[in-house]
Amino acid sequence: MLRYWTAGESHGKTLLAMVDGFPAGLTLETDSIDNELARRQGGYGRGGRQRIETDKVEILTGVWKNTTLGSPITLQVVNRDYKLERLGDLERPRPGHGDLTGAVKFLGPIRAILERASARETAVRVAAGALSKQLLGAFGIQVIGFVRELGGIVVDGEEGDLEQQKQLRDQSIVYTLDPTRDDEIKELIDKTGKSGDTLGGVVEVRVEGLPFGLGTHAQWDRKLDGRIAQAVMAVQAIKGVEIGMGFEAARRPGSQVHDAIVYDESQQDGPNLGYTRPTNNAGGLEAGMTNGQPLIVRAAKKPISTLRKGLDSVNLNTKQPEAAEYERSDVCAVSAASVIVENVVAFEVAGALVEKFGNDSMDELQARWDLFHDMAKRR
Ligand code: EPS
């Protein structure tokens, strides 16, 4: 079982992720993890904190000579803006944040809740996901995340292969696949920021090169779609998850939803073993198992709940109506969400990969991967 936990407060000393169950024998490089951390900090519309931080990963345990040992891997991202001890409490909870509910539930200060509820914690979730992407990469499995919608502006543009899409995304200041739409989006973010408001959006993740049979139909908590939905919904500010056609599938007859099966011998050495689908409305998952098609996951992110203009709230001490507290925040963090969701999806897929093929060593994983593909081709 591949799993991880995180620890750390937004303005505490450090953030940590401990990854357990990662196979031995994978040579790691930290640059690609740092690259993901930098992308998470970016995207037009982010707040002042990102000008203070330059997130970098340090691998504290589980590695010898850059190679994984099979023991728990601890990843650290240090907070430059460490000032927790000097910070006071808040009196006026922000609607949409965990402030009110957490203060009531834990019978304590809002500060104790917001420090851990903050999306700052996603830095180490991204580090864990970026680590798992190196495992996926060893088997030719590639992952991309991008922004599909921002503040109601829908951006298509899915031309070309995954590498071409990555290039386009990396040219866009908000990580869409169509940088020619950037000006329009920038204008919206600027206008919204000036009015003291915030914006949400929809992000999409695609995973290509997946084999048949990650996840299982046999038990509810091991179905891969369910596990992905849980991981994605657990990202701060995510309010909805779709796989493939998602909600639209509910509005159409079956003949316009289900992906026909066609056999094409020329593709039998590829991940789909020759079973091609003219459409991929299932988003790569049927009955909780990968079906040889690209995995497609979308997530809806609500607007940041810290608004400069301060929404209607109540002072917890006086019970009088007052505007919600404002602490430095972002106008829009949808681009960051595309990086976070990309990485949490990658981690779940890596978990399902080692569940099927083993998590002791990379050599055994490779041998079992090869054996399965030989056997599956003869099925
Ligand atoms: C974030 C760091 C935070 C916020 C933001 C995300 O830093 P600070 O609170 O010091 O400005 O910018 O947090 C939230 C969106 C939130 O809801 O708490 C980060 O690194 O992603």
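This briefing describes the sheets, helices, ligand surroundings and selected residues of one structure.

The model is predicted: local features require pLDDT of at least 70 and side-chain atom pairs count only at pLDDT 80 or more, whereas totals for chains, interfaces and linings use all residues. Residues are numbered from 1 along each chain as its sequence is written, and side-chain values use heavy atoms, with hydrogens and water left out. Helices (H or I, at least four residues) and strands (E, at least two) are DSSP runs, numbered from the N terminus.

- Four strands make up an open sheet in the order β1-β2-β6-β3, and their pairing is antiparallel; two strands count as paired if DSSP finds at least two bridges between them.
- The edges of this sheet are β1 and β3 (58–61), each of which pairs on one side only.
- From one strand to the next, the twist averages 25 degrees.
- β3 and strand β6 (residues 73–78) run antiparallel and are joined by three bridges; Glu58 has Gln76 in β6 as its bridge partner.
- Trp5 is located in strand β1 (residues 3–7).
- Trp5 counts as partly exposed, at 47% relative accessibility; buried means under 20% relative accessible area, exposed over 50%, and partly exposed in between (1.4 Å probe, protein chains only).
- Apart from neighbours within four places in sequence, Trp5 is in contact with Leu16, Ala17, Met18 and Asp20, where contact means heavy atoms within 4.5 Å.
- The C-alpha atoms of Trp5 and Arg125 are 8.6 Å apart, although the two residues are separated by 120 residues in sequence.

- A second open sheet has five strands in the order β8-β7-β9-β15-β10, with antiparallel pairing.
- Its edge strands, β8 (153–154) and β10 (238–243), each pair on one side only.
- Five bridges link β10 with strand β15 (residues 295–301) in the antiparallel sense, and Gly240 stands opposite Ala300 in β15.
- Helix α9 packs on this sheet and touches β7 (142–150), β9 (201–208), β10 and β15; the directions of α9 and β7 make about 145 degrees.
- Axes are lines fitted to C-alpha atoms, for helices over the stretch in contact, and angles run from 0 to 180 degrees between N-to-C directions.

**Helix packing**

- Helix α1 (residues 31–41) and helix α9 (residues 334–357) have axes that come within 7 Å and cross at roughly 145 degrees.
- α1 contributes Glu36, Arg39 and Arg40 to the contact, and α9 contributes Ala336, Val339, Ile340, Glu342 and Asn343.
- These residues comprise three nonpolar, one polar and four charged; Ala, Val, Leu, Ile, Met, Phe, Trp, Tyr, Cys and Pro count as nonpolar, Asp, Glu, Lys and Arg as charged, and the others, Gly among them, as polar.
- In helix α4 (residues 110–117), the residues Ile110, Arg111, Ile113, Leu114 and Glu115 are buried, and their cover includes α3 (99–105).

**Gln165**

- Gln165 belongs to helix α6 (residues 162–171) and is buried, with a relative accessible area of 3%.
- Beyond neighbours within four places in sequence, the contacts of Gln165 are Ile144, Glu158, Glu159, Gly160, Leu177 and Arg206.

**Ligand surroundings**

- Around the ligand are His11, Arg40, Arg46, Arg49, Gln50, His97, Ser118, Ala119, Arg120, Ile304, Arg328 and Asp330; a residue qualifies if one of its heavy atoms lies within 4 Å.
- An oxygen atom of the ligand is 2.6 Å from a side-chain N or O atom of His11.
- For Arg46, the distance from a side-chain N or O atom to an oxygen atom of the ligand is 3.1 Å.
- For Asp330, the corresponding distance to a ligand oxygen atom is 3.3 Å.

Methods: Polar contact = N/O pair within 3.5 Å; in protein donor to acceptor, adjacent residues only side chain to side chain.
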